[in-house]
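Trainee: I have a new model open. Please show me how to read it, one feature at a time.

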Amino acid sequence: MRVGIGHDTHRLSEGRPLILGGIRIEHPRGLLGHSDADAALHAVADALLGAAGLGDIGELYPDNDSRWEGLDSRRLLSEVVAMVAAAGWRTVNCDLIVHAQEPKIGPYKPALRASIARLLQIDPSAMNVKAKTGELVGPIGRAEAISCEAVVLIEPGEAEPCPYPENESSVGITPSHFGVPDTPR
Ligand code: CDP
Ligand code: ZN
């Protein structure tokens with residue numbers, strides 16, 4: 001077994017949809033970034049890469065590369081899962097903390113668990129989501145940003161192969177390992 005940790009922060013900005021954990025959350029402001037800025041999926045992806053000793057997502061998807069502009073992070077995480085599977089690992093469980101003063105994450109927890117579990121190819125019971133405010137202190141507490149932290153445990157084994165609707169991998173991963181992101185948003 002191996003363990004990995006991931007962290008990500010994005011600024012909250014007017015005129016952006018709030019995409020977190022692969023789902024759309026109703027809020028007047030969304031996360032700003034080169035991709036869809038899904039801090040939750042980015043933290044989970046980094047935790048997986050860390051557990052497998054494969055670096056971090058910035059090495060795979062540099063934010064100065066125009067190919068990744070507006071990138072759907074469900075695709076990013078699917079590709080990371082495929083890469084980790086190709087290295088001989090599958091996920092055991094994941095624990096995620098969303099640091100956000102707003103919006104209230106509580107009502108979205110079941111949807112977040114289901115969405116991320118599907119991408120990680122684990123049961124939703126093995127995908128835990130916690131939320132913390134910043135107690136009105138610092139950039140989180142002033143609702144300037146949302147940060148996410150994730151811990152992932154992996155064990156030897158293969159992830160379930162499933163087809164991805166597009167043929168081309170953006171980072172050269174075998175298409176048969178892609179997950180199918182289907183959560184409407
Ligand atoms: O109670 P404590 O100060 O430890 O935590 P908190 O940050 O005040 O969060 C209290 C509760 O609100 C927890 O159950 C969180 O899951 C929930 N929460 C939430 O639903 N959405 C947020 N953006 C932050 C916290
Ligand atoms: Zn990010």
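**Reading the model**

Mentor: With 9 C-beta neighbours inside 10 Å, Glu-135 counts as exposed. A residue with 12 or fewer such neighbours falls in that class. Keep in mind that this is a predicted model.

Trainee: Where does Glu-135 sit in the chain?

Mentor: Glu-135 is in the loop between strand E6 (127-132) and helix H5 (138-141). Look at the backbone there too. Glu-135 is not a glycine, yet its phi is positive, about 50°.

Trainee: Which peptide bond is cis?

Mentor: Check omega. For the bond from Glu-102 to Pro-103, omega is near -10°, and the bond is cis. Pro-103 belongs to the loop between strand E5 (89-99) and helix H4 (109-120).

Trainee: Let me step back. How many helices and strands does the protein chain have?

Mentor: There are 5 helices and 7 strands. Read their order from the N terminus: β-β-β-β-α-α-α-β-α-β-α-β. The protein chain has 185 residues, and 46% of them count as buried. Now look at sequence separation. Among contacts with a separation of 6 or more, 73% join residues 24 or more positions apart.

Trainee: How do I describe two packed helices?

Mentor: Two numbers are used: the angle between the axes and the distance between them.

Trainee: Which residues make the contact?

Mentor: From H1, they are Leu-41, His-42, Val-44, Ala-45, Leu-48, Leu-49 and Ala-52. From H3, they are Ser-73, Arg-74, Leu-76, Leu-77, Val-80, Val-81 and Val-84. Sort them by class. The contact of H1 with H3 has 11 nonpolar, 2 polar and 1 charged residues.

Trainee: Now the start of the chain. Is Met-1 buried or exposed?

Mentor: Count the neighbours again. Met-1 is exposed, because 9 other C-beta atoms lie within 10 Å. Met-1 is in the segment before strand E1 (2-14).

Trainee: What is Met-1 in contact with, leaving aside its neighbours within four places in sequence?

Mentor: Met-1 is in contact with Val-92, Leu-153, Ile-154 and Glu-155. Met-1 and Ala-52 are 51 residues apart in sequence, and their C-alpha atoms are 9.8 Å apart in space.

Trainee: Which residues surround ligand 1?

Mentor: Ala-100, Lys-104, Ile-105, Gly-106, Lys-130, Ala-131, Lys-132 and Thr-133 surround ligand 1. Again, sort by class. The shell around ligand 1 has 3 nonpolar, 2 polar and 3 charged residues.

Trainee: Last point: confidence. What is the average pLDDT of the protein chain?

Mentor: The average is 88, and 85% of the residues score at least 70. Over residues 162-183, pLDDT stays under 50. For those residues the model has 48 contacts beyond four places in sequence.

Key
Residues numbered from 1 in each chain as written. Chains lettered and ligands numbered in written order. Predicted model: local features only at pLDDT ≥ 70, side-chain atom pairs only at ≥ 80, totals over all residues. Near = placed C-beta within 6 Å. Nonpolar A, V, L, I, M, F, W, Y, C, P; charged D, E, K, R; others polar. pLDDT = per-residue confidence, 0-100. Contact = placed C-beta atoms within 7 Å. Helix = DSSP H or I, 4+ residues; strand = E, 2+ residues; numbered from the N terminus. Buried ≥ 20, exposed ≤ 12 C-beta atoms within 10 Å, placed from the backbone.
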